[in-house]
Amino acid sequence: VSLGYERQLGATLTVGVDYIHNEGRNWVGYDLNPGLRVDTSRTGRVNRTDLLGLASQLGVAPFANIVNLRYDYTGETRYDGLNLQVERRFAGFWSARAGYTLGYARGNNSGAALGVNNFQLLAEKNLDLNLGPMDTDRRHNLTFSGRVEVPRTTGLTVSALFRIMSGRPLSIIDTNVDADRNGILFDPLPAGTYTGVGDNAITVKNEGGRNGAYGPNYVQLDARLGYRLRLRGARTLDLFAEVFNLTDRSNFANPAGDRRNAATFLVPNALLGGGFPRQMQIGTRLGF
């Protein structure tokens, strides 16, 4: 469901606002052979229960691992987003656009195509414990872009794109224990503030539950410098240079959220996909 409004202000400026609401239903795992650990330790023996007696029906040995039901469509997701934009069309020698999105994506699963439920205990799904932000949730997304044709240069253009996005969610857990004894080492730590150890470690505020904290944000500036030569007839020759991540900022992927591994707990050690160091490329384009 979407609802939007756009209005022109003056000869070159428009403002717009859009509200988007989306609800989804998807598959979420349900184990037909759930386990129950004998104690809350990490290494305690896990005894499994064949809920439907499938092994005996098939005449095979008892299953030793998870047996997921692939048609349990009890997963629910929901997204609400407010999009704001201001745009100045090209006039005179410049154009620009600013856009901002305030969004919230949540559900009783991560939103993945094959969602996982880490809170099932024997036959009980406990999907209420799995409620939390989706893995793709980004609360804030701000973008500025623009293009300038430099006066009196007969063809020199400068353009740029600047993006700021808040971090994506992660779960703060401790796999030293299996508090609910369901055989799955995924038990979120209580709400509070957590800090990693070592160089570059970050501090997060954890709301508790699945995806209760948020990782590093994303900031990147890309720029382009170009010059157009007008050749004979309708032909043109464009010369350009493009710089990606002009400020050479490191945009990190979410760190590990498992407190058991102190060396990697909340220590960013991998770049986000597309978060490469500063790069430059030059090129030409012949139009005819």
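Figure 1. Phe276 is partly exposed, at 28% relative accessible area. Here buried means under 20% relative accessible area, exposed over 50%, and partly exposed in between (1.4 Å probe, protein chains only). Phe244 is also partly exposed, with a relative accessibility of 26%. The model is predicted: local features need pLDDT of at least 70, side-chain atom pairs count only at pLDDT 80 or more, and totals for chains, interfaces and linings use all residues. Residues are numbered from 1 along each chain as its sequence is written, and side-chain values use heavy atoms, with hydrogens and water left out.

**Figure 2. Aromatic pairs.** A pair of aromatic rings is described by the distance of the centres and the angle of the planes. Rings of Phe, Tyr and Trp (its six-membered ring) pair if their centres lie within 6.5 Å; planes under 30 degrees apart count as stacked, over 60 as edge-to-face and the rest as tilted. The count by this rule is 2 aromatic pairs. Phe119 and Phe186 form an edge-to-face pair, 5.9 Å centre to centre with 85° between the planes. Phe119 lies in the loop between β6 (94–107) and β7 (132–133), and Phe186 in the loop between β10 (169–170) and β11, so the pair ties together parts 67 residues apart in sequence. Phe119 is buried, at 7% relative accessibility. Phe186 is buried too, at 14%. The ring centres of Phe244 and Phe276 are 6.3 Å apart and their planes stand at 90°, so this pair is edge-to-face. Phe244 belongs to strand β15 (residues 236–244), Phe276 to the loop between β15 and β16 (279–287), and 32 residues separate them. Strands (E, at least two residues) and helices (H or I, at least four) are DSSP runs, numbered from the N terminus.

**Figure 3. Charges over rings.** A charge sits over a ring if NZ of Lys or CZ of Arg is within 6 Å of the ring centre and within 35 degrees of the ring normal. Arg88 lies over the face of Trp94, 3.8 Å from the ring centre. Lys125 places its charged end over the ring of Tyr30, 5.5 Å from the centre.

**Figure 4. Ser166 and the His140 backbone.** Ser166 sits in the loop between β9 (156–165) and β10. Ser166 is buried, with a relative accessible area of 18%. A polar atom of the Ser166 side chain lies 2.9 Å from the backbone nitrogen of His140. Beyond its neighbours within four places in sequence, Ser166 is in contact (heavy atoms within 4.5 Å) with Arg138, Arg139, His140 and Asn217.

**Figure 5. The largest nonpolar core.** A nonpolar core is a set of buried Ala, Val, Leu, Ile, Met, Phe, Trp, Tyr and Cys residues joined through side-chain atoms within 4.5 Å. The largest has 9 residues: Leu170, Ile172, Leu189, Tyr194, Ile202, Val204, Ala213, Phe265 and Leu266. Not counting residues up to four places away in sequence, Leu189 touches Ile172, Tyr194 and Arg259, among others.

**Figure 6. Ala201 in its loop.** Ala201 is found between β11 (192–195) and β12 (203–206). Ala201 is partly exposed, at 24% relative accessibility. Leaving aside neighbours within four places in sequence, Ala201 contacts Gly196, Leu266, Val267 and Pro268. Ala201 and Asn269 are 68 residues apart in sequence, yet 9.5 Å apart in space, C-alpha to C-alpha.

Definitions and conventions
Polar contact = N/O pair within 3.5 Å; in protein donor to acceptor, adjacent residues only side chain to side chain.
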